[in-house]
Amino acid sequence: MTSRPGGRRGDLARLAPASLTVLVLFGGALAGAVRTSLVPLGGPPGLEAWRALVHSPGFGEAVRFTAQVTVLSTLLAAGAGLALAAALRRRGVVARSLLALPVTVPHLLAATLAVLWLAPGGVADRLLGGLPVDIVRDRAGLGIVLVYVYKEAPFLALLVLAGCGPALAEREEAAAVLGATPWQRLRWVTWPAVRAPLLLGSVIVAAYAAGAFEVPLLVGPNFPATLSTFAYEATQGDVVTGQGQAAAALLLVSGFSVALAAIAVRFARDVEGA
Amino acid sequence: MPLATARGRTAGLLLALAGALLVAVVVLPPASLVVQAFADVWRAPALVPQRFGTRGVQLAFGSGGAGAALLTSLAVATVTTGLALVLAWPAARVLGERRLRHPGPVALLLAMPLLIPPYAVGTGLTEWWLRLGLAGTAAGLVLAHLTLVLPYAVLLLLPGFGPGLRRLEEMGRAAGLSGVQRLRWVTLPVVRPTLAAAALLCALVSWSQYGTSLAVAPTRPTLPVLLLPFVGTDPQVAATLSVLFLAPALAALVVTVRALRVTT
């Protein structure tokens, strides 16, 4: 351990600019959202917005639909990401760069492409003379899931590939030399190396799928809404009470994502310790 | 032996098929945007537009306000990225060199903004921006984007720092280089690839923001905020704006490929 001028206090001082900025901005945002949900425009503070949210028609359906879209998108993206990573593990730079393209494409653009291609009258519709199923604006949220899988499977694949360095290949070879079957190598050598990046990446994907609203706004159905489109529509409806309800709905999604992340981190630690 | 070559041929064929599929899924849709952007008349079910023209460009930049939105997006992304990298650099250095005994709380703090819906961050900040006079301003946009870009900046800069760099810097110090000279001749050349990648991705995160920008500055639309309503109403204008919106992502891809080619 080499010491540096300033030592421990110096380290904390170097952490301060980034940490304090995030603390002030993010903490402020959170406090602002809580305040918006509790203090209505020109009224006394109270739980009115929360009550109105829970009792508003379509709220229960929005919770169910959000959960459905989030779980489906995350599981399918994780599965497809693993498959992509397995297929591209021994490929070169070009294949990986192609894989990186959807990661750099903004979600809104992927959703726009889905509409221009897959909606009735879109490019794919013309090429094939009609699509067998409705993908855009369908009630099951197929379009939303498709966009998220297109965007997030490559993201998860890149995270998994980052965990599969040359060191992992060496360990797999060593296991093979020691007589491990392919299944045993996968179970005891490969999987432990890719599990943590896959799990933590999946949490980010789930949080995004649960909370972002440009994708459901474009390719999702009018009903049911996701919680975030529900929040957006609330602000468009009633200017006075809408903001409070929107903030409450968004805080609900935030709470869900944080709880999920806490469980995932705990789980990642448990399996590492086992 | 013949069996082996047959198997090799099948594998090659499968690989070519997978490659073609990848190209079709990854390359074709963006290319179709360019066609749609210049398709003045494209009635279904024709596969090729009936008439090409610049109606989309004229509408987007005329009444659409694409020029102003493009400038806002570019300026906000540039300033946010610069600020984020400057603030993140010292923190990434401490975390990258693993000098912290308990990095948990800092990591948690930095991870939090990635878990909260961007629209929630925007809505919450708007509550204060209205009081501070920042609502609808470029500064308000930059600060809102910084909330989400700064954590990425720290995480992306982290791998650039480590014991190897420290040793090089010590050698520089022993050789009598001043602080500025060490930064210029030792630190920056070593960190440059990481710095470039971090800058690119941070700029992309800001460039792609939708929910935060909409909440904080609905009256000063960035490119994505301008684009969304056109998707349902005018596909040609939507495609034109999408091409503008996609350009940085393509640039990022080209730069990445070149960087990877150089390092491998």
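The confidence that the predictor assigns to each residue, on a scale from 0 to 100, is called pLDDT. The structure described here is a predicted model, in which local features need pLDDT of at least 70 and side-chain atom pairs count only at pLDDT 80 or more, while totals for chains, interfaces and linings use all residues. Residues are numbered from 1 along each chain as its sequence is written, and chains are lettered from A, with ligands numbered from 1, in the order in which they are written.

**Confidence**

The model has an ipTM of 0.88 and a pTM of 0.89. In chain A the average pLDDT is 87, and 96% of the residues score at least 70. Chain B has a mean pLDDT of 88, with 93% of its residues at 70 or more. Helices (H or I, at least four residues) and strands (E, at least two) are DSSP runs, numbered from the N terminus. Within chain A, confidence is lowest in helix H4 (residues 93-104), where the mean is 78, and highest in helix H3 (residues 59-88), where the mean is 94. Where pLDDT is low, the predicted coordinates should not be read in detail.

**The two chains**

Chain A contains 12 helices and zero strands, giving the pattern α-α-α-α-α-α-α-α-α-α-α-α along the sequence. Its C-alpha trace spans about 70 × 70 × 30 Å along the principal axes.

Chain B contains 12 helices and two strands. From the N terminus on, its elements run α-α-β-β-α-α-α-α-α-α-α-α-α-α. The radius of gyration of chain B is 24 Å, well over the 18 Å that the globule rule gives for 264 residues, so chain B is more spread out than a compact globule. This radius is taken over C-alpha atoms, and the globule rule is 2.2 Å times the number of residues to the power 0.38. The C-alpha trace of chain B spans about 80 × 70 × 35 Å along its principal axes.

**The interface**

Two residues are in contact if their C-beta atoms, placed from the backbone, lie within 7 Å. On this basis, 60 residues of chain A are in contact with 64 residues of chain B. Several helices of chain A each supply at least two residues to the side that touches chain B, among them H1 (7-38), H9 and H12 (239-273). The largest share of that side, 19 residues, comes from H1(A). By class, the side of chain A that touches chain B has 41 nonpolar, 14 polar and five charged residues. Here Ala, Val, Leu, Ile, Met, Phe, Trp, Tyr, Cys and Pro count as nonpolar, Asp, Glu, Lys and Arg as charged, and the others, Gly among them, as polar.

**Helix packing**

Axes are lines fitted to C-alpha atoms, for helices over the stretch in contact, and angles run from 0 to 180 degrees between N-to-C directions.

| Helix pair | Angle | Axis distance |
|---|---|---|
| H7(A) and H9(A) | about 155 degrees | 8 Å |
| H1(A) and H6(B) | about 80 degrees | 7 Å |
| H4(B) and H9(B) | about 135 degrees | 8 Å |

Angles under 35 degrees count as roughly parallel, over 145 as roughly antiparallel, 65 to 115 as roughly perpendicular and the rest as oblique.

Within chain A, helix H7 (residues 142-163) and helix H9 (residues 182-211) pack at about 155 degrees, which makes H7(A) roughly antiparallel to H9(A). H7(A) passes H9(A) in a right-handed crossing; a crossing is left-handed if the near helix is turned anticlockwise from the far one by less than a right angle, and right-handed if clockwise. Residues of this contact include Tyr148(A) and Phe155(A) of H7(A) and Pro197(A) and Val205(A) of H9(A). They divide into 12 nonpolar, three polar and one charged.

Between the chains, H1(A) packs against helix H6 (residues 118-132) of chain B at about 80 degrees, which makes H1(A) roughly perpendicular to H6(B). Among the residues that meet are Leu30(A) and Arg35(A) in H1(A) and Glu127(B) and Trp128(B) in H6(B). This contact has eight nonpolar, five polar and two charged residues.

Within chain B, helix H4 (residues 66-96) and helix H9 (residues 179-208) pack at about 135 degrees, which makes H4(B) oblique to H9(B). Their crossing is right-handed. The residues that meet include Val76(B) and Leu85(B) in H4(B) and Cys202(B) and Trp207(B) in H9(B). The contact divides into nine nonpolar, four polar and no charged residues.

**Backbone features**

Most residues other than glycine have a negative phi, and most peptide bonds are trans. Arg137(A), although not a glycine, has a positive phi of about 65 degrees; Arg137(A) is found in the loop between H6 and H7 of chain A. A cis peptide bond, with omega about -5 degrees, joins Phe223(A) and Pro224(A), and Pro224(A) lies in the loop between H10 and H11 of chain A.
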